[in-house]
Each structure stands twice: as C-alpha cells, then as structure tokens.
Amino acid sequence: MARKKTQQGSWDAVRDSLRAAADPVLAERYRSIAPTSGTILGITVPVIRTMVKVFAVTEKGLTVSEAADMTNLAFASACREEMLFATFLLGRFKAKFEYSHWANLNDWIQGIDNWETCDQLAMGVAGEMIGRAAEPHRSRWIRELEKWAEAPSPWRRRFAVATTTVLNQKGRSDATMALNICERVITDDDKSVQKAVGWALREACKSDATAVFSLLKKHQSVMPRPLLRESAQKLSAPQRAALGLG
C-alpha cells in the first residue's frame with residue numbers, strides 16, 4: 001500500500017511538471033494537427049521525452065508493472081501530454097513487457113481518438129511487444145491485431161496497422177505480418193486508416209517490395225486511388241507503371 005501511495009505521488013508530480021510546462025499557443029497548434037476531445041497542454045514531443053528521461057533517473061526502482069499502472073492513470077485523464085509521457089515511459093521497459101500487459105493495451109486503446117497518441121502507443125509499445133515476443137505469445141498477439149483490424153473503431157483499426165510498421169524497422173523484417181493486417185483494411189474508407197496503411201506498406205517495401213507490389217496489384221481496382229499511390233511510393237518505376245501510376 002505504501003508503494004502505491006508513493007507511486008500516486010510520483011504521478012501527481014509528473015502531472016504538476018507537465019502543467020507547469022504548458023504552452024497555450026502550442027496547444028492550439030496541436031489541436032489543429034491532431035484533433036482530440038481530450039486536454040492538450042501544448043508541449044513538444046522532444047520536451048516530453050526529456051522529462052521522461054529525468055523522471056526515469058529519479059525513479060530508478062520503477063518496475064514495468066508500476067509504469068503500466070501510471071499509464072492507466074494517464075489514459076484515464078484523456079490528456080495528450082500525460083498519455084505521451086506514460087507511453088514513452090513504458091517504452092523504456094520494452095525488454096520486460098509481459099503477456100499480461102496486452103490486456104492493459106486493450107484498455108488504453110479505448111481512450112484513443114487521435115493519430116498521434118495512437119501511433120506512439122502502437123509503435124512504442126505494441127510493436128515492441130510483438131517484435132520481441134516468443135511463441136506462443138507472438139501468435140496470440142498477432143491474432144488480436146487481426147481482430148482489431150476489423151473492429152468498428154477506426155482508431156483501433158489504425159492502431160493494428162501502425163503496430164506493423166515497427167516490424168519492418170530497426171533491423172526487423174516481417175513484410176508478411178504487415179501485409180496480412182493491411183489487406184484487411186485495404187478498402188477502408190476512413191482517411192486515418194488509409195494513411196496508416198500507406199505508411200505500413202512503404203515500410204514493408206524495405207523488407208519485400210515484390211510482396212507489396214503483388215498485394216497492390218491484387219486490390220488496385222477496389223482500393224482508394226490515393227492510397228494506392230501512397231502505398232506504391234517505394235516501389236520501382238516498372239512496378240509503379242504496372243499499377244497505372246506515373
């Protein structure tokens with residue numbers, strides 16, 4: 001109980017420091033870039049990351065489960081800066097993620113209503129969880145992503161797609177996984193989902209451009225034209241020409 005009280009006190013201190021750094025002008029700018037129904041204080045991502053580093057030094061004994069508890073508090077607040085701070089903090093424990101934390105992730109997604117928080121959590125937490133996981137957890141999580149890619153919420157669908165980008169970055173190569181998820185939303189009419197698909201397929205091109213080309217060729221007649229164009233940006237000139245792109 002004493003540890004819980006200390007943990008709450010630490011998070012209260014984080015909240016105070018974030019509000020002390022708030023910039024109303026930046027807040028308005030961010031609201032136009034990544035609209036959300038939640039609170040925006042107006043703090044840049046680099047500044048938040050620096051604050052996380054300082055916090056990590058002062059809280060050396062913090063565990064991954066305690067960081068997850070703080071993330072629960074952050075996402076319950078619906079404050080952009082709190083959610084990003086918690087996401088970056090949790091990301092520092094990427095080598096210690098456990099199977100039980102996927103349930104937390106499922107809850108956090110419920111509070112997402114903008115692309116910025118969505119992508120940071122997807123790449124910094126979910127992507128790392130899958131990228132580092134051994135079987136059978138990896139397969140179980142991939143099946144969850146497949147379900148999320150077909151969920152009613154566009155943010156959950158985008159989250160599923162954005163998670164796959166990390167699997168084709170930082171020396172990783174898993175185009176099959178990315179294409180599996182992207183194919184489930186290849187005709188999605190939500191612009192935020194389309195943006196994520198284009199991004200994920202461009203990253204997948206680094207691992208297997210031929211597979212990406214085959215997917216686009218298969219669906220070129222039914223997928224949105226702007227999405228086809230964005231997804232094919234990293235393909236060769238002959239492949240783009242075969243898709244009817246100049």
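Is Ala78 buried, partly exposed or exposed? Ala78 is partly exposed, because its relative accessible area is 30% (buried means under 20%, exposed over 50% and partly exposed in between, with a 1.4 Å probe and protein chains only). Before we go on, please note that this is a predicted model, in which local features need pLDDT of at least 70, side-chain atom pairs count only at pLDDT 80 or more, and totals for chains, interfaces and linings use all residues. Residues are numbered from 1 along each chain as its sequence is written, and side-chain values use heavy atoms, with hydrogens and water left out.

Let us stay with Ala78 for a moment. Ala78 sits in the loop between helix 4 (64-77) and helix 5 (helices are DSSP runs of H or I with at least four residues, strands are runs of E with at least two, and both are numbered from the N terminus). Its phi is positive, about 60°, although Ala78 is not a glycine. Most residues other than glycine have a negative phi, and most peptide bonds are trans. Lys170 also has a positive phi, of about 55°, without being a glycine. You will find Lys170 in the loop between helix 9 and helix 10, and Lys170 is exposed, with a relative accessible area of 62%. For a cis peptide bond, look at the step from Glu135 to Pro136, where omega is near 5°; Pro136 belongs to the loop between helix 7 and helix 8 (137-148).

Two buried loop residues come next. Val166 lies in the loop between helix 9 (154-165) and helix 10 and is buried, with a relative accessible area of 1%. Beyond its neighbours within four places in sequence, Val166 is in contact with Met123, Gly127, Glu128 and Arg172 (contact means heavy atoms within 4.5 Å). Asp188, in the loop between helix 10 (175-183) and helix 11 (191-219), is buried with a relative accessible area of 10%. Leaving aside its neighbours within four places in sequence, the contacts of Asp188 are Arg157, Val193, Gln194 and Pro224.

Now follow helix 3. Its 14 residues, 45-58, reach 20 Å from the first C-alpha to the last, close to the 20 Å expected at 1.5 Å a residue (the expected span is 1.5 Å times one less than the number of residues). Ile48, Met51, Val52 and Phe55 are buried in helix 3. They lie on the same side of helix 3 because they cover an arc of only 105° around the axis (the arc is that of the directions from the helix axis to the C-beta atoms). The face turned away from this buried side carries the exposed residues Pro46, Lys53, Val54 and Val57.

On a 1 Å grid over the protein atoms alone, a cavity is a set of points where a 1.4 Å probe fits but cannot get out, while a pocket is an open set with protein on both sides within 12 Å along at least five of seven lines; lining residues have an atom within 4 Å of a point. Grid points are joined across faces, edges and corners, and a volume is the space filled by probe spheres set on the points. A search of the whole structure finds one cavity of 30 Å³ or more. The largest cavity has a volume of about 50 Å³, and helix 5 (80-91) and helix 7 (115-132) are the elements that give two or more residues to its lining. The largest pocket holds about 270 Å³ of space. Of its 15 lining residues, Arg49, Phe88, Gln120, Met123 and Gly124 are the closest to its centre.
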